[in-house]
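Work through these exercises with the structure open. Try each task before reading its solution.

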Amino acid sequence: MMLTPIQNLTGCILTLSLSVILVFMGGMFYANPSYAETKDRIIQKGDLDCGVFPDDPGRSAINDEGHWEGFYVDFCRATAAAVLGNTEFVNFIEVGATSRFTSLINKKTDVVMYSSTWTIGRENKYHVEFPVVYLLDGQGFMVRKSSGIHRISDLQGKRICVTANTTSHTNLVDTFKARGYKADIIFANGDSFFRGSCDAYTADRINLATNRANRADNPNDYTILSEMASREPIGPMVRNDDPEWSRIIRSIVHAVILAEEKGITSKNIDQILKTSEDLEVLNLLGKTGDIGTQLGLDSQWAYRVIKAVGNYGEIYNRYFGLSTPINMDRGLNRLWNQGGVLFAPPFK
């Protein structure tokens, strides 16, 4: 059948329109070359670039033997174990209050393990994503025991040190404005507080406890007020352009939480793998199911994580627990069935 000139013209227009749509769609994909490439790039170069805050014993610091250690460091090592099969395949990149964000944007880090509070504003402003929460904290105030300061209301008219470019600063301003309090806010860190530059130092409570343990001449001279000025969900940060990488980081944190719930530790994991009939445990450890495949990892990724760094409780107690200098009760960071709020989605 011969086509009329009109039919020929219509066919040409439809072909041209389809071509334009395909070119446009191809342009969209090309404009976002980072999509799902982070893991592959890490595997290709053979190591993970993990952002951590320097010289912060308990959270992230180089120990006397010259090795990085701390709560956040363990999550860096856990990520390397899951993706690269070896906890040592990590480059620790030192970051600060501002560079923790820019290091991700500039691709100097693949993930930042830091005491960063998850806020909607930060995700929008810095084009980052918080895949999961690994610490639940609240903003507190540290004072000298001899100061006579026992509650937030006692801080009226006092000098308060706070680190710039943090949620702690904005929370402080908002809290005092809402209560009608006045104070002299000084942009300074814990060292300035210990030198006597201010009457109180405000930050996340674990931050305060870490500073007290590591930087005070006599930690027993200082106390952290029981009142809190905010809720602080703290988690790792990644760029917001790679959902596969975000799922991997989230799943690593959930794996160690689920391991604690199931009673799996770094010491008993091999025995549990041999004897357990719990389907969720078997899925977690890669004996059954295809969770590893769904994440773009092998079946043993979570086994390596738990074997290397332990479950969540082991990690927390190792660095923050009551037998450590930081001496922080887990509080909300207990499991959901032990009075806390931590839980992992079903590994099914």
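**Exercise 1.** Which residue forms a salt bridge with Asp154, and how far apart are the closest N and O atoms?

*Solution.* The model is predicted. Step 1: find the partner. Asp154 pairs with Arg151. Step 2: read the distance. The closest N and O atoms are 3.6 Å apart. Step 3: check the cut-off. A salt bridge needs a side-chain nitrogen of Lys or Arg within 4 Å of a carboxyl oxygen of Asp or Glu. Step 4: classify both ends. Asp154 has 24% relative accessibility and counts as partly exposed. Arg151, at 43%, is partly exposed.

**Exercise 2.** Find the salt bridge between Asp110 and Lys45, and place its two ends in the chain.

*Solution.* Step 1: the side chains meet at 3.6 Å, N to O. Step 2: locate the ends. Asp110 sits in the loop between helix 4 (99–105) and strand 5 (111–112), while Lys45 belongs to helix 2 (residues 38–45). The two are 65 residues apart, and the pair links distant parts of the chain. Step 3: apply the burial cut-off. Asp110 has a relative accessible area of 1%, so it is buried, as buried means under 20%. Lys45, at 34%, is partly exposed. Step 4: widen the view. Salt bridges that share partners join Arg41, Lys45, Asp47, Asp49 and Asp110 into one network. The whole structure has 21 salt bridges.

**Exercise 3.** Is Glu88 buried or exposed, and what about its salt-bridge partner Arg77?

*Solution.* Step 1: the closest N and O atoms of Glu88 and Arg77 are 3.7 Å apart. Step 2: Glu88 lies in the loop between helix 3 (71–84) and strand 4 (90–94), and Arg77 lies in helix 3, 11 residues apart. Step 3: Glu88 has 52% relative accessibility, so it counts as exposed. Arg77 has 13%, so it is buried.

**Exercise 4.** Describe the lining of the largest pocket.

*Solution.* Step 1: the volume is about 470 Å³. Step 2: 25 residues line the largest pocket, and the closest to its centre are Phe53, Tyr114, Thr163, Tyr201 and Asn207. Step 3: name the elements. Helix 6 (167–179), helix 7 (190–194), strand 11 (200–204) and helix 8 (205–215) each give two or more residues. Strand 11 gives the most, with four. Step 4: sort by class. The lining has six nonpolar, 12 polar and seven charged residues.

Terms used. Residues are numbered from 1 along each chain as its sequence is written. This is a predicted model: local features need pLDDT of at least 70, side-chain atom pairs count only at pLDDT 80 or more; totals for chains, interfaces and linings use all residues. Side-chain values use heavy atoms; hydrogens and water are left out. On a 1 Å grid over the protein atoms alone, a cavity is a set of points where a 1.4 Å probe fits but cannot get out, and a pocket is an open set with protein on both sides within 12 Å along at least five of seven lines; lining residues have an atom within 4 Å of a point. Grid points are joined across faces, edges and corners, and a volume is the space filled by probe spheres set on the points. Ala, Val, Leu, Ile, Met, Phe, Trp, Tyr, Cys and Pro count as nonpolar, Asp, Glu, Lys and Arg as charged, and the others, Gly among them, as polar. Buried means under 20% relative accessible area, exposed over 50%, partly exposed in between (1.4 Å probe, protein chains only).
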